Amino acid sequence: MVALQGVPALLSPELLYALARMGHGDEIVLADQNFPTSSICRCGPAEIRADGLGIPQLLEAVLKLLPLDTYVESPAAVMEVVPSDKEKGLQPLVWKEYESLLLRAGCASALAKIERFEFYERAKKAFAVVGTG
């Protein structure tokens, strides 16, 4: 048996296979446990499970292998908070961690924030959705 070197151990063979098959313009969604991963994946994207992992640790591992698209305004996006939470000034604290990980990977662009239902529609066109939690 041959062991690959430099590949983060938390990346499953299924996820590595998906990353290897992605090309220009393909997107991958790293979804939290509340995201409707299975429902979205009925529309086309591959469903990959990463139960027990958090998005920050998974994002850090993926960024070690997958280069971000430098030809788009913002190569990373999050689902915008709903208007009522936005009015209260609520913003997920984890977004700062995402931005820090992206910056370390060479991405200085701000996270794009996409309205909830637009995000769902965009996710339906993704190459894969990785369900975490």
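# A tour from loop to helix and back

Ala108 is exposed, with a relative accessible area of 72%. Start there. This is a predicted model. Ala108 sits in the loop that links H5 to strand S4 (112-114).

**Stop 1: helix H3**

Select residues 55-63, which form helix H3. How many of the nine residues of H3 are buried? Seven are, so H3 is mostly covered. Colour them in: Ile55, Pro56, Leu58, Leu59, Ala61, Val62 and Leu63.

Next, show what surrounds them. The buried residues of H3 pack against several elements. Two are helices: H1 (13-21) and H5. Three are strands: S1 (28-31), S2 (46-50) and S5 (128-132).

**Stop 2: H3 beside H5**

The crossing is right-handed.

Show side chains where the two helices meet. From H3, pick Ile55, Pro56, Leu59, Glu60 and Leu63. From H5, pick Val94, Glu97, Tyr98, Leu101, Leu102 and Arg104. What kinds of residue make up this contact of H3 with H5: nonpolar, polar or charged? Eight are nonpolar, three are charged and none is polar.

Look at the spacing along a helix while you are here. An α-helix has 3.6 residues a turn, so residues three or four places apart point the same way.

**Stop 3: Ser74**

Move to Ser74, in the loop between H3 and strand S3 (77-79). Is Ser74 buried or exposed? Its relative accessible area is 17%, and buried means under 20%, so Ser74 is buried.

Now show its contacts. Beyond its neighbours within four places in sequence, Ser74 touches Ser109, Ala110, Leu111 and Ala112. Zoom in on Ala112. Its backbone nitrogen lies 3.3 Å from a polar atom of the Ser74 side chain.

**Stop 4**

Select Glu80 next. Glu80 lies in the loop between S3 and H4. At 17% relative accessibility, Glu80 counts as buried. Which residues does Glu80 contact, apart from neighbours within four places in sequence? They are Lys86, Trp95, Lys113, Ile114 and Glu115.

Step along to Val82, in the loop between S3 and helix H4 (83-87). Val82 has 30% relative accessibility, so it counts as partly exposed. Draw a line from the C-alpha of Val82 to that of Glu115. The separation is 7.6 Å, although the two are 33 residues apart along the chain. Glu115 is also one of the contacts of Glu80.

**Stop 4: Pro92**

Finish at Pro92, in the loop between H4 and H5. Pro92 has a relative accessible area of 28%, so it is partly exposed. Pro92 and Val81 are 11 residues apart in sequence and 8.1 Å apart in space, C-alpha to C-alpha.

Terms used: Residues are numbered from 1 along each chain as its sequence is written. This is a predicted model: local features need pLDDT of at least 70, side-chain atom pairs count only at pLDDT 80 or more; totals for chains, interfaces and linings use all residues. Side-chain values use heavy atoms; hydrogens and water are left out. Helices (H or I, at least four residues) and strands (E, at least two) are DSSP runs, numbered from the N terminus. Buried means under 20% relative accessible area, exposed over 50%, partly exposed in between (1.4 Å probe, protein chains only). A polar contact is a pair of N or O atoms within 3.5 Å; within protein, one must be able to donate a hydrogen and the other to accept it, and residues adjacent in sequence count only if both atoms are side-chain atoms. Contact means heavy atoms within 4.5 Å. A crossing is left-handed if the near helix is turned anticlockwise from the far one by less than a right angle, and right-handed if clockwise. Ala, Val, Leu, Ile, Met, Phe, Trp, Tyr, Cys and Pro count as nonpolar, Asp, Glu, Lys and Arg as charged, and the others, Gly among them, as polar.
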